[in-house]
Protein chains: 2
Amino acid sequence: MKALNYFFEPKAVAVIGASHKPNKFGRVIFENFVNAGFGDKVIPVNVKGGEILGRKVYKSVLEYEGDLDLAVIVVPAKFVPNALEQCGEKKIEAAVIISGGFKETGKSGAKLEETIKEIIKKYGIRVIGPNCLGVFHARGVDTLFLPNYKLVRPILGGISFITQSGATGSAVLDWASESGIGIDKFVSYGNKADVDEVDILNYLKNDQTTKVIAMYIEGTDRGRELFDTVKKVSAIKPVIVLKAGDSEVGSRAVLSHTGSLAGSSRVFKAAMRQAGAIVVQDIDEMFDIARALLMQPLPVGDKVSIVTNGGGFGVLCADAIDREGLKLTELSRKTIADVKAESPSYAVIKNPMDLVGDADAKRYRAALKALIRDPNVDSLIVITLFQTSQMGMDVVDVVIDADLKTDKPILLASAGGGFTALARKLIEGAGTPTYPTPARAVHALAAVTKYAKYLRDRNIRRGA
Amino acid sequence: MKALNYFFEPKAVAVIGASHKPNKFGRVIFENFVNAGFGDKVIPVNVKGGEILGRKVYKSVLEYEGDLDLAVIVVPAKFVPNALEQCGEKKIEAAVIISGGFKETGKSGAKLEETIKEIIKKYGIRVIGPNCLGVFHARGVDTLFLPNYKLVRPILGGISFITQSGATGSAVLDWASESGIGIDKFVSYGNKADVDEVDILNYLKNDQTTKVIAMYIEGTDRGRELFDTVKKVSAIKPVIVLKAGDSEVGSRAVLSHTGSLAGSSRVFKAAMRQAGAIVVQDIDEMFDIARALLMQPLPVGDKVSIVTNGGGFGVLCADAIDREGLKLTELSRKTIADVKAESPSYAVIKNPMDLVGDADAKRYRAALKALIRDPNVDSLIVITLFQTSQMGMDVVDVVIDADLKTDKPILLASAGGGFTALARKLIEGAGTPTYPTPARAVHALAAVTKYAKYLRDRNIRRGA
């Protein structure tokens with residue numbers, strides 16, 4: 001079977017169904033490739049011929065003399081078989097079929113999809129879709145037909161996202177761009193006439209630039225293979241699974257949505273967990289955890305220390321640590337002595353460590369220096385409330401410095417308005433994930449800690 | 001006992017400890033009152049005399065001839081008894097003692113606090129503090145000594161917030177301002193030498209402009225009275241309680257933070273729930289629920305309908321409804337017939353109702369019109385994914401119109417970037433609470449629905 005790399009790093013692309021009218025799906029996709037700098041290496045194909053953006057339109061891929069390795073098909077469903085057949089003849093390696101109107105629409109659509117499958121078999125061409133958004137990769141491939149002002153494309157980053165739902169995928173991409181979350185490879189695979197979640201996971205397993213895999217799934221036809229694959233991938237990089245159709249009512253909703261059987265959700269999720277996946281319930285939860293996994297090393301244990309300048313947030317954080325099954329560690333004597341030497345007498349130097357309301361960068365520096373060296377500390381939750389006049393932007397540097405100096409995970413929680421948002425952005429930009437509340441930071445840390453334990457228990461040294 | 005209204009609507013204020021140096025706490029607070037337009041009705045008091053901002057500084061409140069009803073005391077702890085004594089002599093109704101250095105610091109501080117209590121008793125003056133941020137009310141009172149660029153003051157709104165932790169309070173206010181959440185009265189009550197959470201709740205119970213009460217609490221000395229008071233208040237307006245020190249480790253942390261015993265958290269929370277309070281675990285959860293309660297009417301039952309233009313989000317929403325103990329309702333025949341008449345054949349017209357990827361304002365209008373009239377629908381979750389070209393700003397008007405026409409609660413979920421953020425802001429500004437994911441919207445709706453049931457079960461018609 002051919003590799004999937006042609007979907008993400010094609011050398012020459014045909015957009016079949018490139019339209020003469022602006023804003024039409026085929027036109028948007030063609031322009032995406034032009035804007036990404038494909039130049040002559042993207043050709044518009046349309047039975048009507050003519051010109052688009054001053055470029056010759058080919059009536060079929062067969063009319064084009066150069067090599068092509070990827071086709072994006074955006075013609076009405078009934079024309080798809082012929083277009084795909086021509087791709088096969090042209091020896092194109094891979095095709096993304098954006099068009100809907102297949103098995104999701106009923107019997108005649110399902111029959112058309114069978115025809116597609118026969119053509120796939122005949123030529124060995126790899127196909128993503130039909131009925132999907134296709135592929136987005138910030139290095140150039142963009143088959144999303146949604147306008148850029150509605151769906152702002154995210155920056156390049158280490159998280160790859162696979163989704164069975166196109167709309168969920170587009171909302172997630174748009175959200176990621178707003179949140180500054182970097183995405184490597186995005187695949188909306190639709191009806192999976194050929195490529196499915198198992199294939200994509202197998203590809204991403206060995207993909208150098210994918211560090212964390214996040215996945216929205218409603219149901220699978222290959223439960224056993226999915227389990228085996230997730231198990232293999234998890235040994236190398238984390239897989240976060242958002243399973244929709246979790247409940248009975250939800251799974252009935254899946255049936256009307258993608259026509260696939262959700263299966264027993266409890267069994268599915270238990271199996272995914274057993275295979276090392278991190279199972280989540282919501283999208284913000286998925287990215288809270290993905291950011292922590294991407295930016296931070298894995299902890300060697302579950303002993304957490306908290307440092308804060310607000311006692312209340314320290315208490316909320318301790319509550320969350322207990323709720324999530326982590327351990328509020330006992331600090332070493334040396335740590336306590338070292339930090340006490342640099343703090344006023346009214347600071348509370350234990351765990352949670354409350355540097356109190358007049359804490360400044362200097363006090364945080366002393367605390368973090370001691371905590372990252374403490375053998376009793378496996379990971380740190382740093383809480384910085386920037387509302388006081390003592391908490392300036394110099395605290396940002398202190399957090400960044402501490403994180404650079406340690407291989408223990410540090411997650412930051414900071415609630416507030418504009419000043420806080422800016423401080424969080426700077427800290428996150430430098431590599432420490434930040435959260436609006438202690439509970440969310442701790443929830444992410446708990447997932448990371450569980451994943452680390454999963455690997456440890458199996459004597460797996462993290463690859464990649 | 002004197003009423004607490006002098007704290008929120010004083011006619012004339014003394015700032016005792018108003019400093020000659022900019023940025024000092026006493027100076028910031030004095031300027032807050034000047035900037036709020038108190039004019040001659042705020043006087044600076046400082047034993048050094050002189051002038052501040054061209055205004056005469058009084059050496060004591062006794063030196064001032066006019067009437068005063070509120071004093072804000074910002075002098076070092078050891079000078080507080082004398083300052084408060086003078087307030088008593090001057091017949092000032094109420095004082096906020098910002099200063100720390102009392103029972104939170106140990107034995108000698110505790111003794112000083114006892115002295116304070118004796119003076120309170122002697123004069124019947126009402127006191128908030130010591131060791132607190134005090135009071136913020138957007139109509140003018142602002143004893144927060146934190147600079148405005150660090151702690152941006154929120155707009156006036158219907159939520160009043162009471163907090164045992166000053167730092168938590170300041171972070172929450174700053175966050176509320178960033179999120180556009182309106183705050184009515186804010187009280188950080190510190191060591192509660194006099195006024196405590198029970199007193200404030202009793203006051204807010206009858207306060208016309210407070211529609212929803214949110215409360216951060218670590219522990220109480222008056223468990224029985226708190227229970228009785230919450231029960232009375234809940235019958236009139238909702239009380240949301242964030243109890244910190246939830247876990248054993250958290251409750252030990254409370255002890256080092258405010259020196260109060262957290263008590264058995266499980267018992268406390270069960271009692272609060274029994275008294276009608278909505279108990280939450282995190283700050284974002286608290287405001288997710290507060291916004292829903294503030295902006296929307298209570299549902300008459302637990303039957304929820306979902307409308308969406310993305311099937312995946314519909315499934316996630318159905319999952320959340322099941323998880324939260326709500327009911328995914330069966331739509332009436334009329335609703336289904338009416339919406340089908342206005343939708344393409346490939347739309348999924350049941351519950352969740354999936355208007356599919358090419359849905360526009362017209363399709364949403366038809367769906368919402370039918371759903372708000374459906375007797376089987378008690379509340380609505382509206383999901384709008386704005387990434388498609390068909391979903392324009394006209395959808396915003398459709399949601400707002402529907403919400404104006406119904407007394408059923410509508411909560412909106414919408415994930416995305418800039419376009420979505422703007423649409424959400426407009427919708428929220430018009431009175432429909434919005435959430436970044438279906439799960440968060442449903443969680444808020446579940447709390448609102450539970451509160452409605454609490455009132456129904458007791459035959460309470462909501463007051464206010």
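Guide: Two strands are said to pair if DSSP finds at least two bridges between them. The model is a predicted one.

Visitor: In S2(A), what is the bridge partner of A:Val15?
Guide: Strand S2 of chain A, residues 42-45, runs parallel to S1(A) and is joined to it by four bridges. Within that pairing, A:Ala14 stands opposite A:Ile43. The bridge partner of A:Val15 in S2(A) is A:Pro44.

Visitor: Through which helix does the chain cross from S1(A) to S2(A)?
Guide: The crossover is of the β-α-β kind, and it is right-handed. The helix on the path covers residues 25-35 of chain A and is H2.

Visitor: Which residues of S1(A) point the other way from A:Val13 and A:Val15?
Guide: In a regular strand the side chains alternate between the two faces of the sheet. A:Val13 and A:Val15 point one way from S1(A), and the residues on both sides are buried. Pointing the other way are A:Ala14 and A:Ile16.

Visitor: Which are the edge strands of the open sheet in chain A?
Guide: Five strands form the sheet in the order S2-S1-S5-S6-S7, with parallel pairing. An edge strand here pairs on one side only, and this holds for S2 and S7 (126-128) of chain A. The twist from one strand to the next averages 20°. The edge strands are therefore S2 and S7.

Visitor: At about what angle does helix H3 of chain A run to S5(A)?
Guide: Helix H3 covers residues 80-89 of chain A. This helix lies across S1, S5, S6 (94-97) and S7 of chain A. Its angle to S5(A) is about 175°.

Visitor: What rotation superposes chain B on chain A?
Guide: The superposition has an RMSD of 0.0 Å, with 0.0 Å of shift along the axis. The two copies are thus related as by a two-fold rotation axis. In chain B, the C-alpha nearest that axis belongs to B:Asp284, 6.2 Å from it. The rotation is 180°.

Visitor: About how much area do chain B and chain A bury between them?
Guide: 63 residues of chain B are in contact with 63 residues of chain A. Of the interface residues of chain B, 100% are also interface residues in chain A, so the copies meet through the same surface. B:Lys150, B:Val315 and B:Gln387 supply 14% of the area that chain B buries against chain A, more than any other three residues. The two chains bury about 4800 Å² between them, with 64% of it on carbon and sulfur atoms.

Visitor: Is B:Thr420 buried or exposed?
Guide: B:Thr420 is in helix H15 (residues 418-429) of chain B. Leaving aside neighbours within four places in sequence, its contacts include A:Asp174, B:Phe386 and B:Gln387. Buried means under 20% relative accessible area. At 1%, B:Thr420 is buried.

Visitor: What distance separates the C-alpha atoms of B:Leu331 and B:Asn351?
Guide: B:Leu331 lies in the loop between strand S15 (327-328) and helix H12 (333-341) of chain B, and counts as buried at 9% relative accessibility. Among the residues in contact with B:Leu331, leaving aside neighbours within four places in sequence, are B:Lys350, B:Asn351 and B:Met353. B:Leu331 and B:Asn351 are 20 residues apart along the chain, and their C-alpha atoms are separated by 6.7 Å.

Note on methods: Residues are numbered from 1 along each chain as its sequence is written. Chains are lettered from A and ligands numbered from 1 in the order in which they are written. This is a predicted model: local features need pLDDT of at least 70, side-chain atom pairs count only at pLDDT 80 or more; totals for chains, interfaces and linings use all residues. Side-chain values use heavy atoms; hydrogens and water are left out. Copies are superposed by least squares on the C-alpha atoms of residues with pLDDT of at least 70 in both. Contact means heavy atoms within 4.5 Å. Buried means under 20% relative accessible area, exposed over 50%, partly exposed in between (1.4 Å probe, protein chains only). Helices (H or I, at least four residues) and strands (E, at least two) are DSSP runs, numbered from the N terminus. A crossover is right-handed if, with the strands pointing away from the viewer, the path from the first strand over the helix to the second runs clockwise. Axes are lines fitted to C-alpha atoms, for helices over the stretch in contact, and angles run from 0 to 180 degrees between N-to-C directions. Buried area is the accessible area (1.4 Å probe) that two parts lose on being put together, summed over both.
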